Amino acid sequence: INGTIDVGAVEFNPAAPSAIATSAKITTASSGAATITVTYRSTAGINLATLGSSDIRVTGPNSFDAPVTYVGEVHGADTKLVTATYTLAAPSGGWNGSHNGTYSIVLQSGQVADLSGASNTTDIIGVFTIAIAQNFVVTNTSDSGAGSLRDAIEQANASIETTDSITFDTVQMGSNTINFNFEIAITDSVNVNTPNSTDVTV
């Protein structure tokens, strides 16, 4: 933290405030905002007037890059240790399985300063994950492509840290038999269900 690259070396400013961020894992589809907590430390004391909504941003999969809203802070007898709270609004339509992945909480350069005037450089100060279980529906008997069992398994494999489900729409499939040209690797937890106890042969 607090390092800048200069001709292949990393120079640290020990006087600048340190920052560590945490946010709970999101495992349920919701339109609610995520809460982010950042702990700032400085031997000189944090300048509370520099805290605000521009302090951090959140980046993640699919070019996700969003601002936060500053809520407030708490501190003790001095401001050498300050805990600030921010909220991250859910995207349009709310959090869902399409947002699954790892997100970085990025401190913005020059935004938070201490009472000596020292401030941070841009740095990742924390990460959190979104892992919302999804249901993938098999709609054809093809070996690959959208709606195939292979595609459903590959999507479930990519959706890490959660147990997804796969169901078969045998009406759209037109057959209960699926033939593969080569094997499919299952690398993540997944529940495979057939509707109305209908057997599907693979």
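## Sheet pairing

Strands β7 and β8 pair in the antiparallel sense over six bridges. Two strands count as paired if DSSP finds at least two bridges between them. His75 has Val82 of β8 as its bridge partner. Strands here are DSSP runs of E with at least two residues, helices are runs of H or I with at least four, and both are numbered from the N terminus.

The model is predicted: local features need pLDDT of at least 70, side-chain atom pairs count only at pLDDT 80 or more, and totals for chains, interfaces and linings use all residues. Residues are numbered from 1 along each chain as its sequence is written, and side-chain values use heavy atoms, with hydrogens and water left out.

The β7-β8 pair belongs to an open sheet of four strands, in the order β3-β4-β8-β7 with antiparallel pairing. β3 (18-23) and β7 stand at the edges with a single partner strand each, so one side of each has no neighbour in the sheet. From one strand to the next, the twist averages 20°. Axes are lines fitted to C-alpha atoms, for helices over the stretch in contact, and angles run from 0 to 180 degrees between N-to-C directions.

## Aromatic pairs

The structure holds four aromatic pairs. Rings of Phe, Tyr and Trp (its six-membered ring) pair if their centres lie within 6.5 Å; planes under 30 degrees apart count as stacked, over 60 as edge-to-face and the rest as tilted. Phe64 and Tyr103 make an edge-to-face pair, because their ring centres are 5.2 Å apart and their planes stand at 85°. Phe64 lies in strand β6 (residues 64-67) and Tyr103 in strand β9 (residues 101-107), so this pair ties together parts 39 residues apart in sequence. Phe64 is buried at 16% relative accessible area, and Tyr103 is buried at 2%. Buried means under 20% relative accessible area, exposed over 50%, and partly exposed in between (1.4 Å probe, protein chains only).

Tyr70 and Tyr86 form a tilted pair, with ring centres 5.5 Å apart and planes at 55°. Tyr70 sits in strand β7 (residues 69-75) and Tyr86 in strand β8 (residues 81-88), 16 residues apart. Tyr70 is partly exposed at 23%, whereas Tyr86 is buried at 0%. One aromatic cluster is formed by Phe64, Trp95, Tyr103 and Phe128.

## Salt bridges

There are three salt bridges. Each needs a side-chain nitrogen of Lys or Arg within 4 Å of a carboxyl oxygen of Asp or Glu. Glu161 pairs with Lys25, the closest N and O atoms being 3.2 Å apart. Glu161 lies in the loop between α1 (149-158) and β12 (164-168), and Lys25 in the loop between β3 and β4 (34-41), so the pair joins parts 136 residues apart in sequence. Glu161 is partly exposed at 43%, as is Lys25 at 40%.

Asp65 and Arg57 meet at 2.8 Å, N to O. Asp65 is partly exposed at 45%, and Arg57 is partly exposed at 28%.

Arg150 forms a salt bridge with Asp143, with the closest N and O atoms 2.8 Å apart. Arg150 is buried at 6%, and Asp143 is buried at 13%. Arg150 also lies over the face of Phe182, 3.9 Å from the ring centre. A charge sits over a ring if NZ of Lys or CZ of Arg is within 6 Å of the ring centre and within 35 degrees of the ring normal.

Asn120 lies in the loop between β9 and β10 (123-130). Asn120 is buried at 2% relative accessible area. Its side chain reaches the backbone oxygen of Pro17 at 2.4 Å.

Notes
Polar contact = N/O pair within 3.5 Å; in protein donor to acceptor, adjacent residues only side chain to side chain.
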